[in-house]
Amino acid sequence: DQSLVTVTANESIVFVGMDTVISIVVEVKKGYHVQANTVNDESLIPTTLEVNYVENMTLRKQEFPPGKQFKLEGTDSFLNVYDGKFLIDLFITPHQEMQVGKYALEAKLRYQACDSRSCLFPRVIDFSIPIDVRALK
């Protein structure tokens, strides 16, 4: 069910030649969680963000929040998860050669949503991150 997880990326103003952090808001429906970006079990699907390459822009890094400990019912093992609302920070730098104007960074969020008993199939949400590239005065 796609409505378990929503992704919001508001338009960000970025300046040519300057490092900028763009925050992507991910919201997980109450009663569910998604695996964190770092998982402690190889069978689990970590939450990942993939952003398409954009000419004249460097995608420097992504920062995920630390996961929360979640105890699986009927086991002694803890999972590393995200629930509720969390942010993924994307660090970008538009190069001097980049034309000013509005762009949309195409991105994919991969995740696996689970409730306290079972996990659903991994899913991918395709979304755009709108940016407004401006020149420094």
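These are my notebook entries on one predicted protein model.

**Entry 1: the whole chain**

I began with the secondary structure. The protein chain has twelve strands and zero helices. Reading along the sequence, I wrote down the pattern β-β-β-β-β-β-β-β-β-β-β-β.

Next I looked up the extent of the chain. Its C-alpha atoms fill a box of roughly 60 × 25 × 20 Å along the principal axes.

Then I turned to contacts along the sequence. I took the contacts between residues at least 6 apart in sequence, and 72% of them join residues at least 24 apart.

**Entry 2: surface and charge**

How many of the residues count as buried? I found 36% of the 137 residues in the protein chain. The chain exposes about 8000 Å². Carbon and sulfur atoms supply 51% of that area.

I also looked up the charged side chains. There are 14 positive and 18 negative ones. The centres of the two sets lie 5 Å apart.

**Entry 3: Asn80**

Asn80 sits in strand β8, which covers residues 78–82.

Is Asn80 buried or exposed? Its relative accessibility is 17%. The cut-off for buried is under 20%, so Asn80 counts as buried.

I then asked what surrounds this side chain. A polar atom of the Asn80 side chain lies 2.9 Å from the backbone oxygen of Thr38. Thr38 is also on the contact list of Asn80, once neighbours within four places in sequence are left aside. I noted the other entries on that list by number. Val34, Gln35, Ala36 and Asn40 are among them. Gly67, Lys68 and Gln69 are also included.

**Entry 4: the disulfide**

My last search was for cysteine links. A disulfide is a covalent bond between the sulfur atoms of two cysteines. The count here comes to one disulfide.

Which residues form it? Cys114 and Cys119 do, with their sulfur atoms 2.0 Å apart. The link of Cys114 and Cys119 is right-handed, with 100° about the S-S bond.

Methods. Residues numbered from 1 in each chain as written. Predicted model: local features only at pLDDT ≥ 70, side-chain atom pairs only at ≥ 80, totals over all residues. Heavy atoms only, no water. Helix = DSSP H or I, 4+ residues; strand = E, 2+ residues; numbered from the N terminus. Buried < 20%, exposed > 50% of the residue type's maximum accessible area, 1.4 Å probe, protein only. Polar contact = N/O pair within 3.5 Å; in protein donor to acceptor, adjacent residues only side chain to side chain. Contact = heavy atoms within 4.5 Å. Disulfide = S-S within 2.5 Å. Areas by Shrake-Rupley, 256 points an atom, 1.4 Å probe, with all protein chains shown as cover. Lys, Arg positive; Asp, Glu negative; His and termini not counted. Charge placed at Lys NZ, Arg CZ, Asp CG, Glu CD.
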